[in-house]
Amino acid sequence: TASSPLIITHKFFRGAGILIWAMGHGPGFFSSSVPTCPTMSFRAKTMIREWIVFALCLGLGAHVALGVLLHGSFGWPTEAYGFYGIAFGVGIYGVIQLSRFVWRLIRGKRHARDFSH
C-alpha cells in the first residue's frame, strides 16, 4: 500500500541514491550502497566505496585495540594503542582485500564454467 512505512522509506532512500529492500519487498539486494549522483563516474564511485571500506576497517581496528586495552593483560604501553589501532585497522583492511581477491578468483572460475556449457 502507499502508506506502508517500507514504501515511504524506499522512496526516501531512492531519492538519495540508495535502494533499500527489506522483508521481501523488492528484489532483495542492495542496488547501490554508495550515495551517488547521475554524473559520477565509475572510478569516483569505486574510490568512495574503497574509502568507506578503509574507514570501517580503521574503526574496527580501533575497537580491537580498545578491547585489548580493556580486557587483555599484554602489558603494552597505553601511549602505543593509537599505533596499535591503526596497525590492526590496516591489517583488517589487508585481510578484507585478500578475501575480496580470492572471492573474485573463485567467482570468476565459477562464472567461466557456467558460461562454457
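E50 counts as buried, at 18% relative accessibility. Buried here means under 20% relative accessible area, exposed means over 50%, and partly exposed lies in between, with a 1.4 Å probe and protein chains only. Keep in mind that this is a predicted model, where local features need pLDDT of at least 70, side-chain atom pairs count only at pLDDT 80 or more, and totals for chains, interfaces and linings use all residues. Residues are numbered from 1 along each chain as its sequence is written, and side-chain values use heavy atoms, with hydrogens and water left out.

Where does E50 sit? In helix α2. Helices are DSSP runs of H or I, at least four residues, and strands are runs of E, at least two, numbered from the N terminus.

Now the partners. Leaving aside residues up to four places away in sequence, E50 touches Y93, Q97 and R100. Contact means heavy atoms within 4.5 Å.

R100 is the one to look at. It forms a salt bridge with E50, and the closest N and O atoms are 2.8 Å apart. The pair links distant parts of the chain: R100 is in helix α3 (residues 81-115), E50 is in helix α2 (residues 42-71), and they are 50 residues apart. A salt bridge is a side-chain nitrogen of Lys or Arg within 4 Å of a carboxyl oxygen of Asp or Glu. The structure holds 1 salt bridge. R100 has 21% relative accessibility, so R100 counts as partly exposed.

Last, the helix itself. At 1.5 Å a residue, the 30 residues of α2 should span 44 Å. The expected span is 1.5 Å times one less than the number of residues. The end C-alpha atoms of α2 are 43 Å apart, which agrees.
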